[in-house]
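Welcome! Keep your viewer open and follow along, one selection at a time.

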Amino acid sequence: MLDFNFIDQVNTLSDQTIQLCYHCHKCTAGCPVADQMEYGPDRILRMVQFGEKEKLLKSADIWVCVACETCGARCPNEINAARILGALREIAYTENIAVAEPGAVKFHKLFLLLVQNMGRMHEISLLALHKLWTMNLFSDLPAGARLFMMGKVPLKPYMIKGQSEVKRIYRATEQKKKQVPHGN
Ligand code: SF4
Ligand code: SF4
């Protein structure tokens with residue numbers, strides 16, 4: 001079933017104008033994970049334009065995006081597809097759509113929890129907690145070991161000075177979320 005209000009919902013949440021997309025494909029051509037996606041950012045925007053809400057929100061593609069923002073930097077119409085993908089994840093989550101990549105939701109929750117408590121990301125903590133939560137203990141071990149040997153994943157977390165400010169931002173965001181209606 002098509003939902004012709006979907007584009008307005010996504011435009012509002014992402015602060016973008018998806019109607020401007022003329023499908024030049026530059027975003028998908030630069031996306032580092034397009035080969036892991038079924039549609040890619042260009043076709044995802046097309047699906048939003050056509051109101052294919054249910055099909056799109058059930059797609060793993062919206063959880064595969066790593067929010068690198070390459071698509072937005074390449075777009076001739078200055079459409080920030082990363083924000084659109086973020087809005088789609090938020091809609092899927094808040095409208096209780098069966099998430100195609102449950103591990104990705106756990107990743108996002110742990111990421112936010114660590115930033116809330118430390119002020120910034122600590123990769124090893126994120127990795128360890130995510131592996132325990134998903135019980136996916138041994139995948140990616142060679143890649144993780146290589147990054148560790150290259151000094152890319154420090155053991156000791158870096159605690160920022162303004163932790164109370166970060167916590168205040170989280171509290172304000174929670175308040176704001178209670179005031180903003182989702183869905184139609
Ligand atoms: S680069 Fe911009 S205009 Fe081109 S397909 Fe992607 S979003 Fe649409
Ligand atoms: S933000 Fe997402 S969709 Fe855009 S280029 Fe990066 S991974 Fe691809």
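Select Val10 to begin. Leaving aside neighbours within four places in sequence, Val10 is in contact (heavy atoms within 4.5 Å) with Asp15, Ile18, Val48, Ile84, Ala87, Leu88 and Ile91. A note before you go on: this is a predicted model, where local features need pLDDT of at least 70, side-chain atom pairs count only at pLDDT 80 or more, and totals for chains, interfaces and linings use all residues. Residues are numbered from 1 along each chain as its sequence is written, chains are lettered from A and ligands numbered from 1 in the order in which they are written, and side-chain values use heavy atoms, leaving out hydrogens and water.

**Helices H1 and H7**

Now select H1 (residues 6-14) and H7; helices here are DSSP runs of H or I with at least four residues, numbered from the N terminus. How do their axes cross? The axes of H1 and H7 come within 9 Å and cross at roughly 110°; axes are lines fitted to C-alpha atoms over the stretch in contact, with angles from 0 to 180 degrees between N-to-C directions. H1 and H7 are therefore roughly perpendicular (65 to 115 degrees). Show the side chains: Phe6, Gln9, Val10, Leu13 and Ser14 in H1 meet Arg83, Ile84, Ala87, Leu88, Glu90 and Ile91 in H7.

**Helices H3 and H7**

Pro41, Ile44, Leu45 and Val48 of H3 make the contact with Ala81, Ile84, Leu85 and Leu88 of H7.

**The cores**

Next, select Phe6, Val10, Val48, Leu56, Ile62 and Leu88, which touch the most other members of the largest nonpolar core, a group of 34 residues. Such a core is a set of buried (under 20% relative accessible area) Ala, Val, Leu, Ile, Met, Phe, Trp, Tyr and Cys residues joined through side-chain atoms within 4.5 Å. Which helix gives the largest share of this core? H7 does, with eight residues. For a second, separate core of eight residues, pick out Met118, Met121, Leu126 and Tyr170, which are among its members.

**Two loop residues**

Finish with Asn96, in the loop between H7 and H8. Although not a glycine, Asn96 has a positive phi of about 55°. At 69% relative accessibility, Asn96 counts as exposed (over 50%, with a 1.4 Å probe and protein chains only). Then move to Met135, in the loop between H9 (123-134) and H10 (141-149). Met135 also has a positive phi of about 55°, and is exposed, with a relative accessible area of 59%.

Key: Parallel < 35°, antiparallel > 145°, perpendicular 65-115°, else oblique.
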